[in-house]
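Take a first look at the model shown here before reading on. The paragraphs below go through some of its helices and strands in turn.

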Amino acid sequence: MNIPKVNNLKRVVIIGAGFAGLQVAKKLRRDKFQVILIDKNNYHTFQPLLYQVATAGLEPDSIAHSIRNIIKKTKNFFFRLALVHYINIKKQKIYTNIGDLFYDYLIIATGSVTNYFGNKNIESFALPMKSIPEALNLRSLILQDFESALLTKNDKEKKRLMTFVIVGGGPTGVELAGALAEMKRYVLPHDYPDLDIRSMNIHLLQATSRLLDGMSEKSARQAYKNLKELGVIIWLNCLVKDYNGEIVFIEKNQKIESYNVIWAAGVKGAIIKGFLKEDMKGSRILVDNYLKAIRYQNIFAIGDVAYINENKHYPNGHPMTAQPAIQQGNFLAKKLNCFLDKKNANMKPFIYKNLGSMATIGRNKAVCDFPYLKLRGFLAWIVWMFVHLVSLVGFRNRAIALTNWIIQYFHYHKSVRLIIRPFHRKKVI
């Protein structure tokens, strides 16, 4: 990897430049550590706004930022664009597609990947939305399907092209359903005047009895009401059994015919080979209250890939969202900085501070649950926009996102309805 070894510095290798990994990389002391950050992309993605890229509200460069530009202090810092294939824990060595690397401390911050719960058909034919390329695939598919619907004379084919099924009623599913419904109401009729957009159907399927399971009952009811008003068909207590590329099979012999199934039903930790079963809790690495892997002295895991052992407040692990990842990244950087100064003897264990959760359903419609305050409607929508704007990395990204939202608010106009890279769906066998 062409990285020099500095004898008087401990080498910290961080795998993953998501919310957690970036916090550690930015805050570790360079006079104490040689910091090496590895990621498969050269940019950091603000994942909460991926759905806006998918629905032509924002261009991808509005929610992505160069890692090298984020971390500008290059003293004793190295970034490498690489895929990590394997970790040899005994040798303290990682194996990547660009070479091997030894470490003194290893931080796993690989985040999460889409969880298809073992269904190979759904994995083959449904569309995930966990990365910028996947969001661009979805954007292209949506626009391509309307172009195809213009050309076909087969009513059954047209219906499948204009039916969208979103599986998962969490924040991602709710926000995506709302964005598609607003496209149907305000954008697509102008783009396709010779197509009956009223034939477009948006289905939101949720396995449990309510939307937004992680939020309050009032917020769930408000989201349900807003989506129904926008024309979204909501299925509760609805478990998807299979999908063959043309038909979604649901329990009780029900089915929906569609070429467009978007999978937002769950995620799992992105694990790198090298760990044993006893190191894991499901798809996450078992760590103690100080984020250290329970069986190793110099390996840490943070963010979506970490599971704090014996945490009575979060028996199923912390939410796989940005806030736990950011807080764990900050905590671990402080712990390691203090460790070499021998100041962490009385350091308190990590405690997650729940700052709240939010979801937007559309123009002037959002829900926010904070520890001492719950908001709905226009005010919640303003708060949602403000929080997401300040969370974006870089002034340019904030300015572009804000400008796009202002234009769309007054003109109902999504100017990035571009098929830059055509998406080719898998053929049904």
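The model is predicted, so local features need pLDDT of at least 70, side-chain atom pairs count only at pLDDT 80 or more, and totals for chains, interfaces and linings use all residues. Residues are numbered from 1 along each chain as its sequence is written, and side-chain values use heavy atoms, with hydrogens and water left out.

Helices (H or I, at least four residues) and strands (E, at least two) are DSSP runs, numbered from the N terminus. Helix α5 covers residues 132-151, which is 20 residues. From its first C-alpha to its last, α5 reaches 29 Å, close to the expected 28 Å. The expected span is 1.5 Å times one less than the number of residues. Of the 20 residues in α5, 14 are buried; buried means under 20% relative accessible area, exposed over 50%, and partly exposed in between (1.4 Å probe, protein chains only). Helix α1 (residues 19-27) is also mostly covered, with 7 of its 9 residues buried. Those buried in α1 are F19, A20, G21, L22, Q23, V24 and A25.

Now to the strands. Strands of a sheet pair through backbone hydrogen bonds, either parallel or antiparallel. Here, two strands pair if DSSP finds at least two bridges between them.

Another antiparallel pair is formed by β14 (residues 240-243) and β15 (residues 247-250), over 3 bridges. D242 has F249 in β15 as its bridge partner. The two strands, β14 and β15, form a hairpin with 3 residues between them, and G245 in the turn has a positive phi of about 95°.

Finally, T45 lies in strand β3 (residues 43-45). Is T45 buried or exposed? T45 counts as buried because its relative accessibility is 15%. Leaving aside neighbours within four places in sequence, T45 is in contact with F19, L50, I63 and I132.

Note on methods
Contact = heavy atoms within 4.5 Å.
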